[in-house]
Structures are given as structure tokens and as C-alpha cells.
Amino acid sequence: MRNNLKSIVVLVNMVLVLALFNWSVVQKEDTLENGEFVLLKLAPVDPRSLMQGDYMRLSYAISQTPNLDKLKSRGYAVVKLDAQQVAQLVRYQPGKEPLQEGELLLKYNKGNWALNLGAESYFFEEGQAKTFETAEYGGLRVDEEGNSILIGLYDKNRQLLTPKRLGEAQ
């Protein structure tokens, strides 16, 4: 009887974990499909990590603020998009409200040196570093709650950077 109860508890926990995981995947898929496309200007940062291979640590211009110590540990960057879909910072605020016409929310967590928007890493295929070193924008899809998913890196002309195929000149 006791072993039966343990098995049931383990099974229920596994079902709950799988349900939560699937719910998270569905939410991210919805953001990818229906989220607002936003370009964020990249701030200068060390482009590669030797320990992790071909990987870029991203930093965004809107997350660089001299008043970092005055901001709450979690909150929202409120942005407006210009005609080219590039986000312009309007303000930081602790909650979702107030929000004016044409403004979007981007959730942030305060790090040691800057605000983290949840899209600070970009992995790419080995040997593609030259292509992605020219990145000037990070392209995100953002949902109404301020959750963002990084979908690619873009050049100064706001064109998606794509890996070069084997044998193409870099």
C-alpha cells in the first residue's frame, strides 16, 4: 500500500512537471507567432566567450543606465518603436501601468552592471563569428506582458544576419 502511494505521488509530480513544461513551450510559441517585433540597439560588449565556444553576450543600449542603483530589482522598460521598429526608451517603471498609446513593455531584472531583458545570449555555429560581429541590433518578439524572445541579430541596415554556408567567402 505504501509503495503504491509513492508511485502515485511520483506519477502525479511527473505529470505536473510535463504539463508546466508544455504550457511554457506553448506560451513561447505564441510569443514567437503573435509577439510584437522589436529591434534593440546593441551596446558594445565582448563578442565571444572562449569557454562556451561561438557565443555572443549581448547588451542593449536601453539597458545601460547611470541610475541603475535607483531602479527596483524587477520592473519594466517602457519603449516606443520608431518607423523602423527600433525601440526608443521612454522610461523605467516598477509595474505594468501606466502605459500610454503606442508604448510597449519589456520586463527586466537588475544585474550587477546593467538591466537584463532576458535575451542576453546568442549562440551561433562555429566559424560564423565574422558574420555576427557586425550585429547592431537584437531582434525580439515581445508579448503583451513584456516577455521577450530573441529571434536574431540584425546589421546596421536592420537586415537579419544569417550564417554563411560552407565554402562561401566571409
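Reply: Before the questions, one definition: buried means under 20% relative accessible area, exposed over 50%, and partly exposed in between, with a 1.4 Å probe and protein chains only. The model is predicted, so local features need pLDDT of at least 70 and side-chain atom pairs count only at pLDDT 80 or more, whereas totals for chains, interfaces and linings use all residues. Residues are numbered from 1 along each chain as its sequence is written, and side-chain values use heavy atoms, with hydrogens and water left out.

Me: Is Glu36 buried, exposed or partly exposed?

Reply: Glu36 lies in strand β1, residues 36–41; strands (E, at least two residues) and helices (H or I, at least four) are DSSP runs, numbered from the N terminus. Because its relative accessibility is 35%, Glu36 counts as partly exposed.

Me: How far apart in space are Glu36 and Gln85, C-alpha to C-alpha?

Reply: Contact means heavy atoms within 4.5 Å. Leaving aside neighbours within four places in sequence, the contacts of Glu36 include Gln85, Leu81 and Arg141. Glu36 and Gln85 are 49 residues apart in sequence, and their C-alpha to C-alpha distance is 9.4 Å.

Me: Which backbone oxygen does the side chain of Ser63 reach?

Reply: Ser63 is found in the loop between β2 (55–57) and β3. Ser63 counts as buried because its relative accessibility is 2%. Leaving aside neighbours within four places in sequence, Ser63 is in contact with Tyr92, Ala114 and Leu115. At 2.8 Å, its side chain reaches the backbone oxygen of Tyr60.

Me: Which residues of the largest nonpolar core touch the most other members?

Reply: A nonpolar core is a set of buried Ala, Val, Leu, Ile, Met, Phe, Trp, Tyr and Cys residues joined through side-chain atoms within 4.5 Å. The largest has 28 residues, and those touching the most other members are Leu40, Leu58, Tyr60, Ile62, Leu106, Tyr122 and Leu153.

Me: Which elements each supply at least two residues of this core?

Reply: Among them is α2 (129–132). The strands that do so are β1, β3 (74–81), β4 (87–93), β5 (103–110), β8 (137–142) and β9 (148–154).

Me: In what order do the elements of the protein chain run from the N terminus?

Reply: The protein chain has two helices and nine strands. Of its 170 residues, 34% count as buried. From the N terminus on, the order is α-β-β-β-β-β-β-β-α-β-β.

Definitions and conventions:
A polar contact is a pair of N or O atoms within 3.5 Å; within protein, one must be able to donate a hydrogen and the other to accept it, and residues adjacent in sequence count only if both atoms are side-chain atoms.
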